[in-house]
Amino acid sequence: MPAYDTNNIFAKILRGEFPCHKVYEDDHVLAFLDIMPRAPGHTLVIPKAPARNILDITPEDYAHVARGAHKIAHAAMTAFKADGITVQQFSEAAGGQVVFHLHMHVMPRHDGIALLPPASRKEDVTVLEDNATKLIAALKGM
Ligand code: 5GP
């Protein structure tokens, strides 16, 4: 497996070199909206530790990401009046991974509405801002 690349886009987001719509942060994880959401409110939870994917992250750091995804999932149910949640995590190109800093996708789901295919369209900034506001409010209420 290739080594972790410190110039990947999520590493740049973590260093504040590239913007994101942040919804949650603690000592171990950052959560922000996916710019090409497969469903409204699609959020990515990433470790602050440099890890490419599930194959090189420590169990402890992976647990922190899972805990973050759990928190986002519960808030997203309220924020987006969702009927369910899909959580996904891809490792290596063969596993469907495109960005090589570990991330868990948390996607709010509604009955009868399919996920968009990956990278279908870039969401409007105003929609992302609105969805981030809703999710942050739901997180505050937890
Ligand atoms: P994966 O590596 O699991 O296949 O997916 C990478 C995800 O990162 C995709 O859902 C894609 O839309 C998202 N993504 C790619 N570039 C950016 C970016 O610059 N900002 C944000 N917020 N999401 C991104």
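This is a predicted model: local features need pLDDT of at least 70, side-chain atom pairs count only at pLDDT 80 or more; totals for chains, interfaces and linings use all residues.

Author: Residues are numbered from 1 along each chain as its sequence is written, and side-chain values use heavy atoms, with hydrogens and water left out.

Reader: What makes E1 and E2 a pair of strands?

Author: Strands are DSSP runs of E with at least two residues, and helices are runs of H or I with at least four, numbered from the N terminus. Two strands pair if DSSP finds at least two bridges between them; strand E1 (residues 22–25) and strand E2 (residues 29–33) are joined by 3 bridges and run antiparallel, so they meet that definition. Glu25 has Leu30 in E2 as its bridge partner, and a hairpin of 3 residues connects E1 to E2.

Reader: How do you know that the span of H2 is close to the expected one?

Author: The expected span is 1.5 Å times one less than the number of residues; H2 (residues 59–79) has 21 residues and reaches 30 Å from its first C-alpha to its last, against 30 Å expected.

Reader: Which residues of H2 are called buried, and what do they pack against?

Author: Buried means under 20% relative accessible area, with exposed over 50% and partly exposed in between (1.4 Å probe, protein chains only); Val65, Gly68 and Ile72 are among the residues of H2 called buried. The buried residues of H2 pack against elements including E1, E2 and helix H3 (125–140), where contact means heavy atoms within 4.5 Å.
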